[in-house]
Amino acid sequence: MGHGELSGRENRQVAVAAATLGPWRTAAAVGTVVGGAALAVDVVTLHWSLGILSGPVSLGLFFFFLVGTVGGRLRGGGDRRLRRWADEHPWQSALPASGALLVLNTLTLWLLGDHGLFGALFTSLLPAGALLAVAGVVGAVKAARRR
């Protein structure tokens with residue numbers, strides 16, 4: 001399944017399918033714990049504001065996608081063809097999770113926080129870029145070690 005054999009649309013579909021290989025239940029638990037801990041810290045330190053939920057939810061989303069994406073890169077099992085494609089395209093296989101984090105984090109900061117739409121989008125670029133960088137590097141290192 002080389003890059004030249006698939007169309008752009010098929011490559012996007014395979015990237016989304018490869019993103020399902022991660023340990024998403026564990027990722028949900030980690031995201032919930034991190035978000036809950038951040039909310040508890042805000043409540044205990046009396047950091048009350050209108051957007052008290054936006055920060056913890058944003059942090060929980062980041063860790064959810066980080067654990068799910070990186071865990072999928074490091075974990076064995078799943079469809080062998082999807083895993084091989086993800087190993088051959090480490091950066092492209094990290095794009096769906098990074099894009100989902102960008103969209104969900106933007107909506108979280110916009111709807112729950114005191115950010116405007118463009119401010120929320122601009123603020124969400126950093127965690128989405130960090131997720132893309134970490135997942136891409138982990139995938140590239142894993143692929144390089146296999147060769």
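View 1. Buried means under 20% relative accessible area, exposed means over 50%, and partly exposed lies in between, with a 1.4 Å probe and protein chains only. This is a predicted model: local features need pLDDT of at least 70, side-chain atom pairs count only at pLDDT 80 or more, and totals for chains, interfaces and linings use all residues. Residues are numbered from 1 along each chain as its sequence is written, and side-chain values use heavy atoms, with hydrogens and water left out. The chain has six helices and zero strands. Both kinds of element are DSSP runs numbered from the N terminus: helices are H or I with at least four residues, strands are E with at least two. The order from the N terminus is therefore simple to write, α-α-α-α-α-α. Along its principal axes, the C-alpha trace spans about 55 × 30 × 20 Å. The accessible surface comes to about 8,400 Å², and 69% of that belongs to carbon and sulfur atoms. These areas come from the Shrake-Rupley method with a 1.4 Å probe; for residues, only the protein chains shown count as cover. Take the contacts between residues at least 6 apart in sequence: 75% of them join residues at least 24 apart. Contact here means heavy atoms within 4.5 Å.

**View 2. Trp24, Phe64 and Phe65 are linked into a cluster by ring pairs.** The structure holds four aromatic pairs. Rings of Phe, Tyr and Trp (its six-membered ring) pair if their centres lie within 6.5 Å; planes under 30 degrees apart count as stacked, over 60 as edge-to-face, and the rest as tilted. How is the pair of Trp24 and Phe65 arranged? Trp24 and Phe65 sit edge-to-face, 6.2 Å centre to centre, with 75° between the planes. Trp24 lies in helix 2 (residues 24-44) and Phe65 in helix 3 (residues 54-74), so this pair ties together parts that are 41 residues apart in sequence. Phe64 and Phe65 also pair: their ring centres are 5.0 Å apart and their planes stand at 70°, so this pair is edge-to-face. Phe65 is buried, with a relative accessible area of 7%. Trp24 is partly exposed at 24%, and Phe64 counts as partly exposed at 24%.

**View 3. A network of salt bridges links Arg73, Asp87 and Lys142.** A salt bridge is a side-chain nitrogen of Lys or Arg within 4 Å of a carboxyl oxygen of Asp or Glu. The structure holds two. In one, the side chains of Arg73 and Asp87 meet at 3.1 Å, N to O. Arg73 lies in helix 3 and Asp87 in helix 4 (residues 80-88), so the bridge ties together parts that are 14 residues apart in sequence. Lys142 also forms a salt bridge with Asp87, with the closest N and O atoms 3.6 Å apart. Lys142 lies in helix 6 and Asp87 in helix 4, so this bridge ties together parts that are 55 residues apart in sequence.

**View 4. Arg73 and its neighbours.** Which residues does Arg73 touch, not counting those up to four places away in sequence? They are Ala86, Asp87, Ser93, Ala135, Val138, Gly139 and Lys142. Leu74 is also in helix 3. Leu74 counts as exposed, at 59% relative accessibility. The C-alpha atoms of Leu74 and Ala135 are separated by 10.0 Å, though these residues are 61 apart along the chain.

**View 5. A nonpolar patch on the surface.** Its members are Leu53, Val57, Val103, Leu104, Leu107, Trp110, Leu111, Leu112, Leu117, Phe118 and Leu121, with about 980 Å² of accessible area together. Patches are made of residues with over 30% relative accessible area and no salt bridge; like charges are joined within 9 Å, and nonpolar side chains (Val, Leu, Ile, Met, Phe, Trp, Tyr) within 5 Å. Helix 5 (90-112) and helix 6 (117-146) each supply at least two residues. Helix 5 gives the most, with six. Leu121 is in helix 6 and counts as partly exposed at 35% relative accessibility.

**View 6. Spans annotated "transmembrane region" in UniProt.** The unreviewed entry gives this annotation to residues 48-72, 93-112 and 118-141. UniProt positions are given in the numbering used here, feature names are shortened, and annotations may be inferred rather than shown by experiment. Residues 48-72 are 76% helix and 0% strand, with end C-alpha atoms 36 Å apart. Residues 93-112 are 100% helix and 0% strand, with end C-alpha atoms 30 Å apart.
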